[in-house]
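Biologist: Please take me through this model. I will ask, you answer.

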Amino acid sequence: MDTKNFKVNAGNSTINWIGRKVTGAHNGTINVKEGNFTLGEEKFLSGKFTIDTRSIKILDIEDAETNTQFANHLASDDFFNSEMFPEAYFEITHAEPGDENLYYVKGDLTIKGINHPIETSLHIVTTNDTAVVKNKIIVDRTKFNIKFRSSNFFTNLGDTLIYNNFDLNIHLVAEAY
């Protein structure tokens, strides 16, 4: 494949999240604001993706008032502080091709203005001028100063404990430009 630049189609892309606590889990979505990446000669060359932290939605709470309260809490400083940090970023710093459309990547994840390196794999399938990127990233929220009800910072939480890791299940659709 010749070198191609791709732009993420935010409207056709999804990120589903799952956060767990002692008594269960919550799930929802968060939007990709924009993203670009470059593929060339069977190699992933570079990429940067922006997430809109103000777009977080909760899917498992049907009561409108409770859902709004929870969404506001996730947007607060206890979690993502979306007013001060409306965007989170993932920038690829290194990538190596693997088998069956897999790319092993290292990158920098920035949440609440705090940057940490992560390693993951991306599954990328290209057809003509379209690319689909799939991935699951497990994020340790405490590395990004998200301490609310974390056993790393508080004791005797009992059944109010919220586990430190949350999952991001990513499905990005991008077009060549």
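Biologist: Is Asp 129 buried or exposed, or something in between?

Modeller: The cut-offs are under 20% relative accessible area for buried, over 50% for exposed and partly exposed in between, with a 1.4 Å probe and protein chains only. Asp 129 has a relative accessible area of 44%. That value makes Asp 129 partly exposed.

Biologist: What kind of model is this, and how are residues numbered?

Modeller: This is a predicted model, in which local features need pLDDT of at least 70, side-chain atom pairs count only at pLDDT 80 or more, and totals for chains, interfaces and linings use all residues. Side-chain values use heavy atoms, with hydrogens and water left out, and residues are numbered from 1 along each chain as its sequence is written.

Biologist: Which residue forms a salt bridge with Asp 129?

Modeller: A salt bridge here is a side-chain nitrogen of Lys or Arg within 4 Å of a carboxyl oxygen of Asp or Glu. For Asp 129, the closest N and O atoms of the pair are 2.9 Å apart. The partner is Lys 4.

Biologist: Why does that pair tie together separate parts of the chain?

Modeller: Asp 129 lies in the loop between S7 and strand S8 (130–140), while Lys 4 lies in strand S1 (residues 4–8). Strands are DSSP runs of E, at least two residues, and helices are runs of H or I, at least four, numbered from the N terminus. Lys 4 is partly exposed, at 23% relative accessibility. The pair therefore joins parts whose separation in sequence is 125 residues.

Biologist: How far apart are the closest N and O atoms of Glu 87 and Lys 33?

Modeller: Glu 87 is partly exposed at 21% relative accessibility, and Lys 33 is partly exposed at 41%. These two residues form a salt bridge. Their closest N and O atoms are apart by 2.4 Å.

Biologist: Is Lys 112 buried or exposed?

Modeller: Lys 112 lies in the loop between S6 and strand S7 (114–127). Its phi is near 55 degrees, a positive value in a residue other than glycine. Its relative accessibility is 7%, so Lys 112 counts as buried.

Biologist: Which residue forms a salt bridge with Lys 112?

Modeller: The closest N and O atoms of this pair are 3.5 Å apart. The partner lies in the loop between helix H1 (64–75) and S5, 35 residues from Lys 112. That partner is Asp 77.

Biologist: How many salt bridges does the structure hold?

Modeller: Side chains of opposite charge can pair when their charged atoms come close. Arg 20, Lys 136 and Asp 167 are linked in a network of salt bridges. The structure's count of salt bridges is six.

Biologist: In the hairpin of S5 and S6, which residue takes a positive phi?

Modeller: Eight bridges join the antiparallel strands S5 and S6; pairing requires at least two DSSP bridges between strands. Phe 90 has Leu 109 as its bridge partner in S6. The hairpin has four residues between the strands, and phi is near 50 degrees at Glu 100.

Biologist: Is Glu 100 buried or exposed?

Modeller: Glu 100 lies in the loop between strand S5 (87–97) and strand S6 (102–111). Its relative accessibility is 71%. Glu 100 therefore counts as exposed.

Biologist: What pattern does the protein chain follow along the sequence?

Modeller: The protein chain has one helix and nine strands. Buried residues make up 40% of its 177 residues. Read along the sequence, the pattern is β-β-β-β-α-β-β-β-β-β.
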